Amino acid sequence: MEEKFLISAGPDLQAAREGWLKALARERRLSPETVEAYERDTRQFLQFLTGHCGGPPGLADIADLRPADLRGFLAYRRAGGAGARTLGRGLAGIRSLLRFLERRGVVNAAGAAALRAPKQPKSLPKPLTAADAKRVVSIEGQLAEEPWIAARNAAILTLLYGSGLRISEALGLLGGDLASPDETILRITGKGGKTRLTPVLPVVLKAVAEYRRLCPYHLGAEGPLFRGARGGPLNPAIVQREMAKLRSALNLPDTATPHALRHSFATHLLGRGGDLRTIQELLGHASLSTTQVYTDVDTARLLEIYEDAHPRA
């Protein structure tokens, strides 16, 4: 890889770094964008070390880098406005370079390995709009040629949006579940074996009943409720694939996944006045802090509407 920038490093370290960048591209086959990012991050690190060490560093200067040296670099980058993701990627690049040099017996990478990466911020969920969610879960919108499979897909997606289930929870339902039109509560065992009660809307019961009516297989009380084309338990990957087809047909973004329907359940409840404690219980979150991310989603949506609609925004 040809150098495009002036590197603050001694000739031995410059040559070693060049060999590392070539190995990333040729042997590990990293994308050009990733190699470019690692080049930039390590160049900034060497510029920092130039001031830290009082001159361009060589291999001898980085042979025994301590965690304190690396923490100093991260603090320097943070002061310059770098966020947690940028700092994490920069540390990953430095570790990669040091491991490369350690395998050649010229440095000790233990200091970098011992340093904990900056905590990454939680990414906001990506809910669908209410209109798009209704299109996704409707039986008329399903693309499967077999009517019973279309009804099955609609029933599963309606459970995700109408009851806030995870896909694993929906596919874990048994034939004896939701068998009566009078059921209004579903008992779900979620992550960590935690049991919760979730409401069953009439539209959910209707979708499941239609699937039961059309399903060609006997749905015993102790067997799986949702079946694959050959009658066995339904694989989650099939639901993911069906959702991908719907995304394409309905011109929805890549973030419109089955799990996004669960996000939509929570976001739309919050937008209609639902309180966080109730939503926490309905989702089965162990901590309220996990549920609070939906307040950020709701605020972000309000700002988006404001910026689109206000004449002075």
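1. Ground rules. Residue numbers start from 1 along each chain as its sequence is written, side-chain values use heavy atoms, and hydrogens and water are left out. As the model is predicted, local features need pLDDT of at least 70 and side-chain atom pairs count only at pLDDT 80 or more, while totals for chains, interfaces and linings use all residues.

2. Aromatic pairs. Searching the whole structure gives 6 aromatic pairs. Rings of Phe, Tyr and Trp (its six-membered ring) pair if their centres lie within 6.5 Å; planes under 30 degrees apart are stacked, over 60 edge-to-face, and the rest tilted. W20 and Y38 count as stacked because their ring centres are 6.1 Å apart and their planes lie at 10 degrees. That pair links distant parts of the chain, with W20 in helix α1 (residues 11-26) and Y38 in helix α2 (residues 32-53), 18 residues apart. Helices here are DSSP runs of H or I, at least four residues, numbered from the N terminus. Both W20 and Y38 are buried, meaning under 20% relative accessible area, with exposed over 50% and partly exposed in between (1.4 Å probe, protein chains only).

3. The W148 site. W148 and Y217 pair edge-to-face, at 5.7 Å centre to centre and 80 degrees between the planes. W148 is in helix α8 (residues 147-163) and Y217 is in the loop between α10 (202-214) and α11 (236-250), so the pair ties together parts 69 residues apart in sequence. Buried or exposed? W148 is buried at 8% relative accessible area, whereas Y217, at 30%, is partly exposed. The charged end of R152 also sits over the W148 ring, 5.8 Å from its centre. The test for that is NZ of Lys or CZ of Arg within 6 Å of the ring centre and within 35 degrees of the ring normal.

4. Other rings. F45, F48, F73 and Y76 make up one aromatic cluster. Elsewhere, R104 lies over the face of F100, 3.7 Å from the ring centre.

5. Helix α2. Its 22 residues should span 32 Å at 1.5 Å a residue, and the end C-alpha atoms are 31 Å apart, which agrees; the expected span is 1.5 Å times one less than the number of residues. G54 follows α2, with a positive phi near 85 degrees.

Note on methods: Helix = DSSP H or I, 4+ residues; strand = E, 2+ residues; numbered from the N terminus.
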